[in-house]
Amino acid sequence: MTLSWPATCPPVETEGVWVDELRISVTAGPVHTLVTLAGECDLHTGRQLRDVLTSEVSRGARRMILDLSRLSFMDSTGLQVLLSVR
């Protein structure tokens, strides 16, 4: 099963600057859960990532593989989320 957040996510304008939002795809398998991130993970989108990862852990995901190859930017907020979710 594959879930994606948000379903459609065009770039948005914030204070005169176009920002690419975070898109998350989750594919649950029998051995691991694949979480694919695309766009930007920063102060504005970190909560979205935390919510998705925490939800997967609550559902019993014991092994998660994170695909960051489509991520164009990640700040320390995103790194903190990745390190704190267990």
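Helix 1 (residues 46-58) and helix 2 (residues 76-84) pack against each other at an angle of about 15 degrees, and their axes sit 9 Å apart. That angle makes helix 1 roughly parallel to helix 2, a label used for angles under 35 degrees, while over 145 is roughly antiparallel, 65 to 115 roughly perpendicular and the rest oblique. The axes are lines fitted to C-alpha atoms over the stretch in contact, and the angles run from 0 to 180 degrees between N-to-C directions. The crossing of the two helices is right-handed, meaning that the near helix is turned clockwise from the far one by less than a right angle.

All of this comes from a predicted model, in which local features need pLDDT of at least 70, side-chain atom pairs count only at pLDDT 80 or more, and totals for chains, interfaces and linings use all residues. Residues are numbered from 1 along each chain as its sequence is written, and side-chain values use heavy atoms, with hydrogens and water left out.

On the helix 1 side, Gly46, Leu49, Arg50 and Leu53 meet Thr77, Gly78, Gln80, Val81, Leu82 and Ser84 of helix 2 (contact means heavy atoms within 4.5 Å). These residues split into 4 nonpolar, 5 polar and 1 charged. Here Ala, Val, Leu, Ile, Met, Phe, Trp, Tyr, Cys and Pro count as nonpolar, Asp, Glu, Lys and Arg as charged, and the others, Gly among them, as polar.

Thr45 lies in the loop between strand 5 (33-41) and helix 1. With a relative accessible area of 9%, Thr45 is buried (under 20%; exposed is over 50% and partly exposed in between, with a 1.4 Å probe and protein chains only). Its side chain reaches the backbone oxygen of Glu40 at 3.0 Å. Not counting residues up to four places away in sequence, Thr45 touches Leu22 and Glu40.

Thr36 sits in strand 5 itself and, at 11% relative accessibility, also counts as buried. Setting aside neighbours within four places in sequence, Thr36 is in contact with Arg23, Ile24, Ser25, Asp67 and Arg70.

Zooming out, the protein chain has 2 helices and 6 strands, in the order β-β-β-β-β-α-β-α along the sequence. Helices (H or I, at least four residues) and strands (E, at least two) are DSSP runs, numbered from the N terminus. Of the chain's 86 residues, 28% count as buried. Among contacts with a separation of 6 or more, 55% come from residues 24 or more positions apart.

Key:
A polar contact is a pair of N or O atoms within 3.5 Å; within protein, one must be able to donate a hydrogen and the other to accept it, and residues adjacent in sequence count only if both atoms are side-chain atoms.
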